[in-house]
Amino acid sequence: MCGFVGFTNSITENKRFNETIIKSMSEKIVHRGPEHDGYYVDRFVSLGFRDLSISEVGSNGQPIISYDGSKILVYDGEIYNHMDLRKELEKLGYKFNTLSDSETILVGYQAWGRAVLKKLRGMFAFVIWDSKEEKFFGARDIFGIKPFYYYLKSKTFLFGSEIKAFLGHPQFEKKLNIRKLPDYLCFEYIPTNETFFKDVYKLSPGTYFEYQDGKMTLNTYFESEYNIDTSHNEDYWAEEIDQIFKDSAKIHAMTSDYEVGCLLSSGVDSSYVVHEMNKHIDVQTFSIGFVENEYSEISDAKKFADGEKVINYSKDVSADEFFEITPDIMYYMDEPLPNPSAIPLYFLTKLASEKVKVVLSGEGADELFGGYNYYHEPLDFKNYMKLPQFMRDASAFVVDKMPDFHGKRFLMRGKYPIEERFIRHNYVFNRSEVCNVLSETIPSKDPSYYTKPFFDKCTGLDDISKMQYVDIRTWLPQDILVMNDRMSMANSLELRVPFLDREMLSIAMKIPVEYRVSHNTTKYILRKAAEKNISTETAFMAKKGFVTPLNDWLRQDKYYSIVRDKFTGDVAKKFFNVDYLLEMLMSHREGTAKNMKKIWMIYVFILWYEKYFIEN
């Protein structure tokens with residue numbers, strides 16, 4: 001929807017000088033809101049706002065000032081229940097100047113203080129300046145759909161929707177946070193609230209902050225928690241999911257005065273979204289594929305769109321387009337994100353932005369309802385894990401010395417409890433490989449240090465629920481939602497996710513595991529709910545994921561050479577063991593190893609570093 005920036009006036013109280021700075025910061029994120037901008041500057045603070053208008057009443061009055069003039073808000077997001085909250089506030093005697101959801105947050109804070117966060121249904125990141133108390137109050141939604149970054153060093157406090165905005169402030173010291181490179185190489189993102197920029201932090205999902213007298217305090221206002229209810233059968237859960245999703249899809253689709261579209265793959269999640277949207281508005285759908293037909297889902301998407309009698313626009317991405325846009329994508333990302341799906345998502349949202357201002361997507365269903373294929377693993381290991389630990393250790397020790405054979409990986413992984421086995425499954429580089437790939441040793445913590453607190457919070461749950469819980473708290477906000485936000489906003493498009501709704505989460509946390517994942521399928525109960533509305537074929541279509549041809553492209557001379565040039569360049573030499581990189585690249589090319597994820601992780605880091613520390 002938009003973006004915001006702000007800072008405390010720690011350099012000077014000169015209003016004109018601070019206006020120049022806040023506008024410079026705002027220009028760095030103009031893509032988040034190219035239609036309007038707005039500013040508030042006083043002797044204490046400077047606030048800026050970029051607006052992508054998706055409603056006639058809009059939010060282009062931001063920064064918005066409270067009725068009594070004491071509080072000022074900047075905000076990015078959508079509050080889907082704001083009209084209900086407005087009625088509640090009016091009964092309490094509060095007055096409104098606009099019809100915007102941004103003012104509802106502001107008045108809600110005046111009435112209820114921090115408790116307003118418990119009432120908000122939607123996606124959001126916001127900051128309120130309280131001029132009476134000379135204090136900032138800000139928060140981020142429970143999933144982390146909307147981004148929030150801040151820079152804190154000495155008396156300098158900056159905040160905004162994207163890190164690149166800080167480049168417009170003269171007191172921002174742009175330094176690489178090199179300590180986090182090993183963590184990135186393991187996880188493909190930094191698994192804490194730190195970033196690759198020193199002294200720049202992410203506000204965690206479900207967290208609010210207060211900043212006063214140069215001090216920052218952080219507090220959690222929401223944490224997801226399983227509360228399994230075994231008293232109902234699958235028909236009950238399917239009906240509950242269907243009714244709640246119908247409500248969520250409706251409010252996500254209707255809260256716009258402009259045309260709304262949907263990103264459509266061939267899977268159950270986006271198909272379910274399209275079907276429900278189609279009941280309320282004239283839907284336009286958008287699909288992406290590749291020139292290589294075996295990687296494309298466009299034909300299945302078009303088949304579903306035809307059945308729903310909705311328009312479908314599609315595009316095939318070529319290898320040349322993929323590689324040409326990647327450097328720009330790393331700029332939009334703020335930090336290197338090596339998920340190859342980001343590139344086709346960029347082209348998909350670009351296609352959609354030519355027709356609509358808002359799209360809905362199916363993200364979040366896999367994490368909430370158990371959709372990833374690796375959630376099968378605890379079922380496969382169930383009987384083997386009954387063996388004593390010493391027997392599993394001995395088996396792993398013996399097969400480790402043997403050549404590869406079918407079942408070796410199972411026996412190797414079987415020695416670990418789920419807390420270690422699951423995270424090891426997600427590593428790109430393991431810890432010993434990190435030491436080999438870096439040019440110099442960088443002290444780092446064992447990756448389990450970062451994941452253990454999440455596993456500790458779900459002790460006593462079954463292994464599948466533990467995996468889902470950790471994904472909801474890590475993979476979803478650190479990777480999937482970052483990618484969604486940056487790629488849609490790069491094209492000035494608002495992306496909404498009706499599965500990631502407070503009420504949808506509440507029901508998902510109650511469903512017994514046997515209704516989520518079985519030996520035969522994932523996301524079982526969600527598929528049963530969808531089956532009430534769409535064909536069984538679509539509802540139970542196997543999970544495919546957003547697969548790209550990158551693995552094959554890296555074996556072709558042209559693209560192999562593009563990557564090799566970067567692997568032998570100055571940036572690679574600065575951070576990495578070049579011989580190791582070249583060996584890894586060559587073995588992938590020759591087909592003796594599958595190193596696509598590792599290669600791409602190093603490659604996009606180099607591109608990102610060039611964008612932020614050499615070109616800019």
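Colleague: I'm looking at strand β16; which residue there stands opposite Gly261?

Modeller: Gly261 faces Val359 in β16. Before we go on, this is a predicted model, where local features need pLDDT of at least 70 and side-chain atom pairs count only at pLDDT 80 or more, while totals for chains, interfaces and linings use all residues. Residues are numbered from 1 along each chain as its sequence is written, and side-chain values use heavy atoms, with hydrogens and water left out.

Colleague: What do you call a strand, and what counts as strand pairing?

Modeller: Strands are DSSP runs of E with at least two residues, helices are runs of H or I with at least four residues, and both are numbered from the N terminus. Two strands pair if DSSP finds at least two bridges between them. Here β13 (residues 260-263) runs parallel to β16 (residues 358-360), with three bridges joining them. β13 also pairs with β14 (residues 284-290) in the parallel sense, again over three bridges. Cys262 has Thr285 as its bridge partner in β14.

Colleague: How many of the residues of strand β6 are buried?

Modeller: Nine of the nine residues in β6 (residues 122-130) are buried, so the strand is largely enclosed by the rest of the structure. Gly122, Phe124, Phe126, Ile128 and Asp130 point one way, while Met123, Ala125, Val127 and Trp129 point the other way.

Colleague: Which strands pair with β6?

Modeller: β5 (residues 71-79) pairs with β6 in the antiparallel sense over nine bridges, and Ile72 stands opposite Trp129 there. β7 (residues 135-140) is antiparallel to β6 too, over six bridges, and Phe136 in β7 is a bridge partner of Trp129. Four residues lie between β6 and β7 in their hairpin, and Glu134 in the turn has a positive phi of about 50°.

Colleague: How many aromatic pairs are there?

Modeller: Take the rings of Phe, Tyr and Trp (its six-membered ring): they pair if their centres lie within 6.5 Å, and planes under 30 degrees apart are stacked, over 60 edge-to-face, and the rest tilted. By this rule there are 61 aromatic pairs. One of them joins Tyr184 and Phe605, a tilted pair at 6.0 Å centre to centre with 40° between the planes. That pair links distant parts of the chain, with Tyr184 in helix α4 (residues 181-187) and Phe605 in helix α26 (residues 596-615), 421 residues apart. Tyr184 counts as buried because its relative accessibility is 0%, and Phe605 is buried at 0% as well. Tyr236 and Trp237 make an edge-to-face pair, because their ring centres are 5.1 Å apart and their planes are at 80°.

Colleague: Where do I find lysines over rings?

Modeller: A charge sits over a ring if NZ of Lys or CZ of Arg is within 6 Å of the ring centre and within 35 degrees of the ring normal. Lys119 lies over the face of Trp112, 4.5 Å from the ring centre. The charged end of Lys445 sits over the ring of Tyr449, at 4.6 Å from its centre.

Colleague: One last thing: which residues is Asn9 in contact with?

Modeller: Contact means heavy atoms within 4.5 Å. Asn9, in the loop between β1 (2-8) and α1 (15-27), is in contact with Asn18, Asp42, Arg43, Phe44, Val45 and Ser46, leaving aside its neighbours within four places in sequence. Asn9 counts as buried because its relative accessibility is 10%. Ser10 lies in that loop between β1 and α1 as well, but Ser10 is partly exposed at 31%. With sequence neighbours within four places left aside, Ser10 is in contact with Lys155, Thr156 and Gln171.

Methods: Buried means under 20% relative accessible area, exposed over 50%, partly exposed in between (1.4 Å probe, protein chains only).
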